[in-house]
Amino acid sequence: MIPFLEKIKENNFVILGRAGMDLYPDPPGTKTEDAAQFVATLGGSSANIAVALVKHGCKASLVTSVSDDAVGRFTLNQLDKYGIDRRYIRQVGGEFRNSLALAETRIEDHQSVIYRNGAADFQMTVDCVEKIDFSPFAALITTGTVFAAEPSRSSAFHAITLAKQAGLPIIFDVDYRPYSWPSPDIASEVYSKVAALSDIIIGNDEEFDFMAGGKNLGLEKAQALAAEANRLIVYKMGEKGAITYTGVEEIHTGIYPVKALKPTGAGDAFMGGFIAALAQGLPIKECILRGSASAAIVVTRVGCSPAMPTPQELDEFLQEHPGPKKPEQIKK
């Protein structure tokens with residue numbers, strides 16, 4: 001039994017990271033350059049994870065900064081719509097702007113354009129995190145992007161320190177976005193520090209390779225992180241499924257193949273479905289499969305936050321797809 005899993009059952013999560021606006025060319029399948037209209041939804045990895053958790057009946061509070069303008073207010077309104085606690089979100093003025101993504105609902109030649117110039121979420125400060133009362137929470141969830149720039153980086157490390165002092169496990173979604181970082185070397189060094197402080201680490205094979213400092217080194221890095229402490233490591237491999245390390249066992253799982261509309265949102269959906277299942281006290285393998293099924297559902301729908309499944313939708317999907325496919329069963 002991994003000790004911190006009992007704490008996670010308290011089912012109330014504080015999440016560090018960005019929330020923003022996503023714009024999708026409409027109707028689905030339209031290229032951005034050909035679009036006559038767009039659909040606006042809540043976006044940003046941390047906001048997407050918060051939505052996924054809330055839809056599963058968890059409580060979620062988001063800690064970030066948003067721009068004091070129409071886009072920032074859109075973001076706050078959307079968080080309210082989903083029932084996400086935003087008491088720890090600060091609005092910042094001046095030239096800082098909310099994250100904005102233009103993402104297509106198409107697989108072939110998919111294009112995503114991300115605007116991160118003067119990103120408002122990087123203005124999360126130490127003062128912001130010191131206002132957090134960590135006592136009601138079950139765990140701190142952080143995505144990797146919050147560590148890409150100051151003052152957000154130092155503030156996020158400070159939040160981890162305060163959360164650990166309050167007895168909270170740390171859940172780290174590696175979420176490497178090269179365009180946010182000054183250099184790969186800095187990112188690799190910082191991510192390794194975050195991983196060393198974390199209890200649950202979720203990332204794909206390329207992200208673990210990157211953290212390890214070289215191609216094909218990621219699996220060894222994941223195994224080492226699991227062996228050195230009571231950690232839960234989920235090493236995702238795309239169509240090859242995932243390997244999960246608990247320190248005492250190695251769990252291999254496949255994927256649920258679907259006809260995808262788009263490639264985005266799967267990682268955030270996996271995180272939400274997986275953590276919500278852990279909070280229910282389900283066996284770890286079942287938690288992984290519920291995360292994988294959540295990811296499969298989201299890529300078949302428009303948007304990310306609005307595409308996150310409810311428990312009923314997830315259960316119906318699992319009834320229709322009784323077992324994930326092993327890599328050799330997936331048609332290329």
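Helices (H or I, at least four residues) and strands (E, at least two) are DSSP runs, numbered from the N terminus. The model is predicted: local features need pLDDT of at least 70, side-chain atom pairs count only at pLDDT 80 or more, and totals for chains, interfaces and linings use all residues. Residues are numbered from 1 along each chain as its sequence is written, and side-chain values use heavy atoms, with hydrogens and water left out.

**Exercise 1. The whole protein**

Describe the secondary structure of the protein and its radius of gyration.

*Solution.* Step one: the protein has eleven helices and 13 strands. Step two: its radius of gyration is 19 Å, close to the 20 Å that the globule rule gives for 332 residues, so the protein is as compact as a globular protein of that length. Here the radius is taken over C-alpha atoms, and the rule is 2.2 Å times the number of residues to the power 0.38. Step three: along its principal axes, the C-alpha trace spans about 50 × 45 × 40 Å.

**Exercise 2. Cover and contacts**

Work out what share of the residues in the protein is buried, and what share of the contacts with a separation of 6 or more joins residues 24 or more positions apart.

*Solution.* Start with cover: buried means under 20% relative accessible area, exposed over 50%, partly exposed in between (1.4 Å probe, protein chains only). Buried residues make up 55% of the 332. Now the contacts, which are heavy atoms within 4.5 Å: of those with a separation of 6 or more, 71% are between residues 24 or more positions apart.

**Exercise 3. Helix H9**

Check the span of helix H9 (residues 266-279) and see how well H9 is covered.

*Solution.* First, the expected span of a helix is 1.5 Å times one less than its number of residues. For the 14 residues of H9 this should give 20 Å, and the end C-alpha atoms are 20 Å apart, which agrees. Next, twelve of the 14 residues are buried, among them Phe270, Met271, Phe274 and Leu278. Finally, look past the helix: Gly281 follows H9 and has a positive phi, near 80°.

**Exercise 4. Helix H6**

Find the buried residues of helix H6 (residues 184-197) and some of what covers them.

*Solution.* The buried residues are Ala187, Ser188, Val190, Tyr191, Val194 and Ala195. Their cover includes helix H5 (152-165), strand E9 (170-173) and helix H8 (218-228).

**Exercise 5. Ser46**

Is Ser46 buried or exposed?

*Solution.* Ser46 is found in helix H2 (residues 45-55). Its relative accessible area is 0%, so Ser46 is buried. Leaving aside neighbours within four places in sequence, the contacts of Ser46 include Ile15, Leu62 and Thr143.
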